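I opened this notebook to keep track of what I looked up, entry by entry, for a reader who is new to the structure.

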Amino acid sequence: MAITGGEESLLRVHCDMDGKHGKNIMMYKGPFGQSAIALFQTYCNQLLEENFFIKKKILSVAIELAQNINLYSVEKETTKDGKIEGYGFMSICRNIDGYSIISGNPAEKADAEKLTQRCDDINKADNEQLHKLKRKLWNMENPVPESANIGLVQSALIAGSKINYESAKTETGKYFITLELEIKVPKS
């Protein structure tokens, strides 16, 4: 399965990682399930020349974004063991200030709107408000585990940054969502 049409050109724009996002350390394009998460964990540990704390932050954000792709991508792939996994891309880039974790996937209009609204809400909140929002979402009477709730809030808290995002309608009528979080690395 491949990202096609308008999504492919958007993918190229967002994956020009030796440009505005920094040097591309690793990139994965495909289904996002447990095997993709395990791959990112292995490569984070092998390729990133950072301390354990920074690696853990990067991996935590990557896992949250991978789960987002798995949930919201309209392109799905069935694994050999029958699991259905969402299809998209993720990249980790090194820049002057730290790292950018960037993900992208095609989505339905309603899901794109839900994700962008959640990103707007998160970006307007300060750290204390994010913690309150996380507790509120965690304690919901009828939580929806498969929604853009706690994962994006948690990612913003872990990264300590706003969520940069883009939602663009494609030639196919679907939307292509990209999310980016930056993790700063203290200067030594």
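**Entry 1: ground rules.** I noted first that this is a predicted model, in which local features need pLDDT of at least 70 and side-chain atom pairs count only at pLDDT 80 or more, while totals for chains, interfaces and linings use all residues. Residues are numbered from 1 along each chain as its sequence is written, and side-chain values use heavy atoms, with hydrogens and water left out.

**Entry 2: layout.** I looked up the secondary structure and found six helices and six strands, where helices (H or I, at least four residues) and strands (E, at least two) are DSSP runs numbered from the N terminus. Read from the N terminus, the order of elements is α-β-α-α-β-β-β-α-α-α-β-β.

**Entry 3: surface and contacts.** Of the 188 residues in the protein, 48% are buried; buried means under 20% relative accessible area, exposed over 50%, and partly exposed in between, with a 1.4 Å probe and protein chains only. I wrote down an accessible surface of about 10,100 Å², with 51% of it belonging to carbon and sulfur atoms, by the Shrake-Rupley method with a 1.4 Å probe. Among contacts (heavy atoms within 4.5 Å) with a separation of 6 or more, 66% are between residues 24 or more positions apart.

**Entry 4: salt bridges.** How many salt bridges does the count come to? I took the term to mean a side-chain nitrogen of Lys or Arg within 4 Å of a carboxyl oxygen of Asp or Glu, and by this rule there are six salt bridges. One of them joins the side chains of D97 and K184 at 3.9 Å, N to O. D97 lies in the loop between β3 (84–94) and β4 (98–107) and K184 in strand β6 (residues 175–184), so this pair ties together parts that are 87 residues apart in sequence. D97 is partly exposed at 39% relative accessibility, and K184 is partly exposed at 46%. I also saw that D97, E182 and K184 are linked in a network of salt bridges.

**Entry 5: two further pairs.** E108 and K174 form a salt bridge between their side chains at 2.9 Å, N to O. This pair links distant parts of the chain, with E108 in the loop between β4 and α4 (109–124) and K174 in the loop between β5 (164–169) and β6, 66 residues apart. E108 is partly exposed at 35% relative accessibility, and K174 is partly exposed at 27%. The side chains of D111 and K114 meet in a salt bridge at 4.0 Å, N to O; D111 and K114 are three residues apart in helix α4, and therefore separated by about one helical turn.

**Entry 6: a helix pair.** How do the axes of α3 and α6 cross? The axes of helix α3 (residues 52–72) and helix α6 (residues 150–159) come within 9 Å and cross at roughly 160°; axes are lines fitted to C-alpha atoms, for helices over the stretch in contact, and angles run from 0 to 180 degrees between N-to-C directions. The two helices, α3 and α6, are therefore roughly antiparallel, a term used for angles over 145 degrees. The contact involves K57, S60, V61, E64 and L65 of α3 and G151, L152, Q154, S155, I158 and A159 of α6.

**Entry 7: one residue.** Is N68 buried or exposed? N68, in helix α3, is buried at 8% relative accessibility. Not counting residues up to four places away in sequence, N68 touches S73, L115 and L179.

Key. Parallel < 35°, antiparallel > 145°, perpendicular 65-115°, else oblique.
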